[in-house]
Amino acid sequence: MTIERKQIQYPVGIEDLFICFMDGPEPEDSLPTYEPTIYQQSNISDLTISTTATNVTKWASNKKIINFTKNTNYGLAFNLAGLNREVKDKLFGRKRTKGISFERADVIEYPKFAVGTVFPLNDGTKVVRWYPRCSITPSEESWVTQNEEMTINDSAYTITADPLLFNNVTKAELDTGALEAAGITANDFLKQVVCDESQLATLFPSDGGSGEGGA
């Protein structure tokens with residue numbers, strides 16, 4: 001056996017938020033289609049990612065013979081410095097007439113959309129993710145008066161990332177520093193919503209890419 005010392009990588013922040021809405025209802029027998037516009041926002045103060053995981057174990061013959069975990073979805077808790085009003089209205093499915101919208105105490109289903117995030121690492125590479133089937137959760141609001149020491153408070157948004165109906169994918173992730181990345185950059189990955197293995201051959205040809213890890 002040989003001992004090999006490898007450089008470690010660690011996150012050094014979080015970059016822009018990317019949002020792309022589904023174009024119509026989500027099908028069960030095929031991949032969803034998305035609108036041609038991807039909204040990019042430089043607004044993330046911090047992001048907390050939680051999981052809804054179920055762990056199942058089975059003992060037999062005095063041994064643990066089965067131990068598996070299923071993650072049902074992700075909870076994305078964003079603190080944002082702000083959000084574009086058009087994007088915010090689309091997230092909550094608001095329809096405005098003369099700038100006015102109405103909210104009723106009816107059963108509603110919020111629009112589905114994909115969320116993209118970028119995490120730079122200490123070695124100049126990036127981890128980039130698409131969560132392809134997300135929906136917003138209504139959150140509390142707080143409006144505070146200003147004083148001599150003016151501050152801009154963050155707004156909290158909670159987003160649930162569920163599995164796609166067609167292929168059960170909850171997250172697609174690119175590590176630009178991985179040998180298998182074959183020159184795919186963060187920008188390449190974020191030009192469209194990536195949510196299935198079948199996209200890799202057409203979206204990212206093996207002879208393409210610049211070999212750089214930047215966005």
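Visitor: A strand here is a DSSP run of E, at least two residues long, and strands are numbered from the N terminus. Which strands each supply at least two residues of the lining of the largest cavity?

Guide: Please note that the model is predicted. The strands in question are β1 (17-21), β4 (63-80) and β7 (155-161).

Visitor: How many cavities of 30 Å³ or more does a search find?

Guide: A search of the whole structure gives 1 cavity of that size. The space in the largest cavity is about 40 Å³.

Visitor: Which residues line it, the largest cavity?

Guide: The lining consists of L17, I19, F78, L80, L83, L91, I136, Y157 and I159.

Visitor: Why is V56 called partly exposed?

Guide: The relative accessible area of V56 is 33%.

Visitor: New topic: charges. How many salt bridges does the structure hold?

Guide: There are 8 salt bridges in the structure. As a general point, side chains of opposite charge can pair when their charged atoms come close.

Visitor: What does E15 form a salt bridge with?

Guide: The partner of E15 is K126, and the closest N and O atoms of the pair are 3.2 Å apart.

Visitor: Is K126 buried or exposed?

Guide: K126 counts as buried, at 10% relative accessibility. E15, by contrast, counts as partly exposed at 29%.

Visitor: What about R133, then: which residue does it form a salt bridge with?

Guide: R133 pairs with E26, and the closest N and O atoms are 2.4 Å apart. This pair links distant parts of the chain, 107 residues apart, with R133 in strand β6 and E26 in the loop between β1 and β2 (39-41). R133 is buried, with a relative accessible area of 14%, and E26 is buried too, with 15%.

Visitor: Which side chain meets that of E173 in a salt bridge?

Guide: The side chain is that of R129, with an N to O distance of 2.7 Å. Here again distant parts of the chain are linked: E173 is in strand β8 (residues 172-175) and R129 is in strand β6, 44 residues apart. E173 counts as partly exposed at 43% relative accessibility, whereas R129 is buried with a relative accessible area of 17%.

Visitor: Which residues are linked in a network of salt bridges?

Guide: That network links D89, R94 and R96.

Visitor: One last thing. Where is T37 found?

Guide: T37 lies in the loop between β1 and β2, and it counts as partly exposed at 38% relative accessibility. The C-alpha atoms of T37 and K191 are separated by 9.6 Å, although these residues are 154 residues apart along the chain.

Terms used
Residues numbered from 1 in each chain as written. Predicted model: local features only at pLDDT ≥ 70, side-chain atom pairs only at ≥ 80, totals over all residues. Heavy atoms only, no water. 1 Å grid on protein atoms, 1.4 Å probe; cavity = no way out; pocket = protein on both sides within 12 Å on 5 of 7 lines; lining within 4 Å. Points joined across faces, edges and corners; volume = space filled by probe spheres on them. Helix = DSSP H or I, 4+ residues; strand = E, 2+ residues; numbered from the N terminus. Buried < 20%, exposed > 50% of the residue type's maximum accessible area, 1.4 Å probe, protein only. Salt bridge = Lys/Arg side-chain N within 4 Å of Asp/Glu carboxyl O.
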